[in-house]
Amino acid sequence: MIVYILRRLGATLIVMAVVALFVFSLLFLTPGDPAAVIAGDVATPDDIQQIREKLGLNKPFLVQFGGWVVRLLHGDLGTSIFTNLPVTKLIAQRVQPTLSLTLLTLFVAVLVAVPIGVIAAAKAGTWTDRSVMGFSVLAFSIPVFVLAYVLISIFSIHLEWLPVQGYRQFGDGLWPWLSHLILPSIALGTVYTALIARITRAAMLDVLAQDYIRTANAKGLAPRAVLTRHALKNAGVPIITVIGIGVALLISGAIVTETVFAIPGIGRLTVDAILRRDYPIIQGVILLFSGIYVLINLLVDLSYRLFDPRIRY
Amino acid sequence: MKVVAVSLRALALGLALVATSASAEKVLRFIPQADLRILDPITTTAYITRNHAYMVYDTLFATDAKFQVQPQMVDKWDLSKDKLTYTFTLRDGLKFHDGQPVRSADCIASIERWSKRDSLGQKLAQSTEAWTAVNDKTFKLKLKKPFPLTLGALGKLSSNVPFIMPERVAKTDAFKNITADDTIGSGPFKFVKEEWVPGSKVVYVKNTDYVPRKEAPSWAAGGKVVKVDRVEWIYIPDSATAAAALNAGEADWWEQLPPDLIPLLKKNKDVRVENIDPLGSLSVMRFNFLQPPFNNQKLREALLYVVNQKDYVLGIAGDEKNGHPCYSYYTCGTPLSTEVGAEPLKGKRDFDKAKKLIQESGYKGEKIVIISATDQPIVHAQSLITTELLRKLGLNVELQAGDWGTLITRRTSKEPVEKGGWSIFHTWLVGPDMISPGINMGLVSLGEKSWFGWPSDPKLEELREAWFETSDAAASKKAAEAVQLEAFKYVPFIPTAQFILPTAYRSNLSGVIIAPVTFLWNVDKK
Amino acid sequence: MATAVLAVPRSVSPTWQRFREALRRHPTAIVGALVLMAMVLIAVLAPWLGTTDPLALSPVERLRSPSGEHWFGTDMLGRDVYSRVIYGSRISMTVGVAVAALSIAIGLAIGLVTGFVRWLDAVVMRVMDGLMSIPSVLLAIALMALTKASVGNVIVAITLAEVPRVVRLVRSLVLSLREQPYVEAAVAAGTNLPLILLRHILPNTVAPLLVQGTYICASAMITEALLSFIGAGTPPNVPSWGNIMAEARSMFQLAAYLIYFPGVFLSLTVLAVNLLGDGMRDALDPRLARRM
């Protein structure tokens with residue numbers, strides 16, 4: 001088991017190294033001189049040379065990469081070109097909203113999707129099943145921001161139940177925090193829910209066709225017990241896999257959701273950074289999100305044992 | 001369903017009251033016109049930075065609602081008989097936010113830094129022999145020749161405003177931005193740098209040590225009495241979201257809204273929509289004179305015959321109530337405004353003439369890059385209209401959009417378009433910034449010393465100088481007309497429309513100052 | 001008497017027949033295919049569908065609600081929304097199909113090679129893993145930040161984000177197909193690598209790649225809309241559905257039709273592609289087929 005974990009960690013490190021290399025290269029793949037971009041203003045060629053020296057842009061690529069990695073390992077993600085603030089500080093300022101949004105979405109999506117998938121599988125072929133699958137394909141096809149606008153239109157503007165935009169700190173109270181996150185979570189989570197529901201249904205169908213389920217039914221176990229105690233647990237592996245993979249969807253969707261709902265999170269930080277070509281921020285955010293994604297999937301891999309003891313490391 | 005909503009709200013309110021540490025602090029939540037990125041009001045002319053500077057800094061003189069220059073930080077001032085020496089004495093009790101008193105040295109260093117960048121300041125510097133500090137509270141300005149606009153320059157209303165900074169900060173190179181750590185002024189608000197979230201929030205608190213003047217506030221002059229404890233600038237790039245925030249009471253004041261959205265707010269009886277700016281603003285199309293193809297006068301002239309100000313008015317202001325054409329290089333509705341020489345822009349649109357001029361100019365299909373900012377509706381609408389216009393003329397045009405912060409950085413580039421340069425950008429200026437040949441920075445044609453675009457026309461400069469020499473209204477008008485005549489030939493920029501930008505605030509606010517610049521003192525919240 | 005020449009038998013996938021049968025049994029997939037074809041027709045026939053120049057502005061007619069003259073109304077610069085939406089289908093279809101085709105082609109090439117060349121496999125897979133761990137929209141955004149906005153660059157950016165998954169798929173297909181007896185036989189018979197790839201491996205990848213291709217097409221269309229919506233996609237004056245909606249953001253409460261028309265078109269098109277893909281996937285999955 002330990003060997004497996006170590007091996008996976010090793011693989012993870014290699015993956016992160018590839019990401020880091022790609023991310024670092026971003027600055028060099030830009031047309032034009034990164035130093036000129038940073039110098040901005042009415043800079044003279046001397047100023048630009050000075051900046052090149054200061055950033056070490058005249059050193060060979062690998063040396064620069066090495067230096068960057070060392071700084072990275074010390075927690076230094078560089079400095080934003082436009083605000084001169086450290087990227088880590090900018091990200092830290094925006095973590096709470098994004099974290100709140102994605103965790104809430106994750107929680108609600110799984111809570112809703114898994115039961116739906118199970119029920120659809122249990123009633124395979126009936127209208128319940130078809131409508132669930134129908135809705136899920138629909139959910140897949142509507143872009144997040146279109147859905148967001150529809151939700152705002154109904155729940156914020158017409159019914160006035162929920163606020164239109166913004167974010168309240170958790171410290172400001174539970175309801176203000178929650179009410180500002182409900183619509184964004186629904187908008188963001190719909191695709192995620194659909195994905196999980198579909199996979200849950202497919203996995204459950206696979207498992208329900210197995211012999212041991214027939215045995216359980218023959219034994220006289222109540223249908224619900226069969227579903228939960230035997231089927232669901234065995235279907236766990238693909239379900240939890242897709243939950244892990246779906247995190248990428250969440251992250252991508254969060255960017256647009258935060259823009260529509262004016263949530264001051266990392267997603268919006270990214271969008272602003274893209275429009276401004278503020279590369280240090282772009283680099284830092286990609287590293288962060290990739291790191292999280294890789295970590296989550298590592299945890300998912302390690303959790304397989306919980307679901308299927310047959311899986312040996 | 002309404003019952004559900006109301007009871008949900010009541011529950012929420014209850015929870016909120018229990019959960020939060022209720023403070024009786026008065027907080028003014030303001031939605032600014034842009035995102036505050038650059039904190040230095042000297043290196044950039046961007047209005048958002050100017051507005052920020054008005055919060056934390058103070059000025060020696062200031063312009064009031066009658067366009068008169070009044071002393072602000074200055075207590076007494078004197079002009080010698082030969083009009084060559086000004087003596088200024090500062091008021092008592094002026095302190096910077098770090099507790100240090102404001103001294104003459106601070107004022108002198110600040111003015112010198114400002115005059116390196118500002119067009120009027122450059123002119124003042126040309127006529128200046130020396131600034132000397134007599135003691136910490138008194139200093140003198142010795143001129144080489146009389147400069148009647150001295151106080152006008154020192155009390156300039158809009159970009160660049162000669163704000164007073166501590167000496168060590170003012171000693172920063174005039175081409176380098178000052179940082180958040182150096183944002184220390186003597187103004188009515190203090191900048192809370194720990195709470196600054198670029199792209200989202202700027203926080204100011206009342207400067208309890210500030211000593212306001214005794215007079216009533218009038219534009220930038222008079223007593224700057226702060227009636228709230230804390231001001232939060234919440235930047236909301238999406239106009240619909242901002243409107244919703246204002247409607248819901250999540251924000252108190254929206255600095256500028258696109259006129260199209262007025263109907264959204266008019267329905268709400270708790271929100272007031274007003275025209276805060278009596279003169280209105282002017283939108284302009286600015287060229288890059290250092291790079292082809294707009295270094296060619298005939299090509300610029302060609303555009304005069306096809307730009308249809310009515311289109312730009314509608315694109316910016318939505319309808320004729322909120323905007324109108326202004327065929328002048330000076331703000332329409334002000335003394336120097338005139339239509340002399342404006343026939344190419346005002347007359348019937350003539351695509352044939354334009355195409356002929358384009359041919360004569362020898363245009364060989366060079367790429368034209370229009371840089372735009374999608375988060376500034378006024379800029380973006382103009383960019384779209386111009387792009388389509390140039391396309392109709394058969395010119396090789398490309399629209400590249402980023403956000404405003406990118407635009408104001410990119411417009412500093414003098415490179416060709418292949419290296420990230422630009423050919424055209426659009427922006428707008430408030431009325432007071434375009435009232436005369438002296439103030440209108442778009443008319444300065446000193447090459448690299450000019451505003452972004454860097455036009456170079458000795459004739460235009462000669463005529464501008466001549467205007468500076470005039471001393472009575474009639475001569476001033478004639479000189480201004482001469483400047484405009486040459487401007488319509490050289491085309492340093494093309495004025496595209498004049499419009500009013502409404503402001504909207506909740507009705508529990510009082511004391512909002514009606515002025516071309518948004519000032520946040522004197523505003524109270526019930 | 002004809003002597004049967006012993007040639008290396010061509011692999012005819014039994015899935016093809018099952019594929020066609022299953023498609024017939026999946027009405028939703030047929031619906032999807034029909035809607036998709038309609039969209040393609042709309043895109044191709046755009047100039048003849050009663051449209052005007054989608055770029056022509058006429059500020060005097062701004063923000064008119066849908067009417068007899070402007071079927072979908074006009075936007076804030078007076079441009080005809082109907083024309084823009086119809087021409088917008090060209091962008092979305094182009095991006096969707098181009099990304100699907102390119103990523104399949106590139107992914108196939110890389111996957112085939114890595115499936116057979118061991119040392120290349122290790123290196124390439126690490127790189128693909130790395131790229132896959134960057135959320136695709138983020139990756140596409142970052143790539144767009146390197147260049148200026150254009151439809152071509154959007155296609156390249158989204159393709160690069162989708163290739164790793166295709167490589168993964170092809171590689172796993174190749175790895176499993178390699179073990180098949182007829183492939184082992186071909187190797188034993190001394191057939192050279194390209195021929196093996198061409199005759200045995202490639203035909204068996206077609207069906208799963210087709211399915212994957214439809215999903216990529218759908219995903220690419222949505223990604224393009226997302227990118228354009230946040231301003232990192234097609235240039236502002238190009239009438240892509242994402243752009244039309246992006247420009248209409250502030251006017252949503254006053255002119256919701258500006259968002260709804262392109263939104264509905266986009267959703268319908270993506271839905272059609274997804275339904276088609278679902279149908280094809282169900283047809284290909286032998287286990288599901290058995291269950292029918």
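In which sense do strand β9 (residues 201-206) of chain B and β10(B) pair, and over how many bridges? They pair in the antiparallel sense, over five bridges. This is a predicted model: local features need pLDDT of at least 70, side-chain atom pairs count only at pLDDT 80 or more, and totals for chains, interfaces and linings use all residues. Residues are numbered from 1 along each chain as its sequence is written, while chains are lettered from A and ligands numbered from 1 in the order in which they are written.

**Strands of chain B**
- Helices (H or I, at least four residues) and strands (E, at least two) are DSSP runs, numbered from the N terminus.
- Two strands pair if DSSP finds at least two bridges between them.
- In β10(B), Ile234(B) is the bridge partner of Lys201(B).
- β10 (residues 230-234) of chain B also runs parallel to β1 (residues 27-31) of chain B, joined by four bridges.
- There, Leu28(B) has Val231(B) as its bridge partner.
- An open sheet of six strands, with mixed pairing, has the order β14-β18-β13-β17-β15-β16 (chain B).
- β14 (323-324) and β16 (397-402) of chain B are at the edges with a single partner strand each, so one side of each lacks a neighbour in the sheet.
- β15 (residues 368-373) and β17 (residues 424-430) of chain B run parallel, with two bridges.
- Ile370(B) stands opposite Ile424(B) in β17(B).

**Nonpolar core**
- A nonpolar core is a set of buried Ala, Val, Leu, Ile, Met, Phe, Trp, Tyr and Cys residues joined through C-beta atoms within 7 Å.
- Buried means that 20 or more other C-beta atoms lie within 10 Å of a residue's own, with C-beta atoms placed from the backbone.
- The largest nonpolar core has 339 residues.
- Helix α10 (residues 223-261) of chain A supplies the largest share of this core, 20 residues.
- Ile196(A), Ala140(C) and Ile141(C) have the most contacts inside the core.

**Chains A and C**
- Two residues are in contact if their C-beta atoms, placed from the backbone, lie within 7 Å.
- 35 residues of chain A are in contact with 33 residues of chain C.
- On the side of chain A that touches chain C, α1(A) gives the most, seven residues.
- Leaving aside neighbours within four places in sequence, Ile141(C) is in contact with Ile274(A), Leu227(C) and Ala232(C).

**Confidence in chain B**
- pLDDT is the predictor's confidence in each residue, from 0 to 100.
- Chain B averages a pLDDT of 89, and 96% of the residues score at least 70.
- Over residues 17-22 of chain B the pLDDT is below 50.
- Where pLDDT is low, the predicted coordinates should not be read in detail.

Methods
Buried ≥ 20, exposed ≤ 12 C-beta atoms within 10 Å, placed from the backbone.
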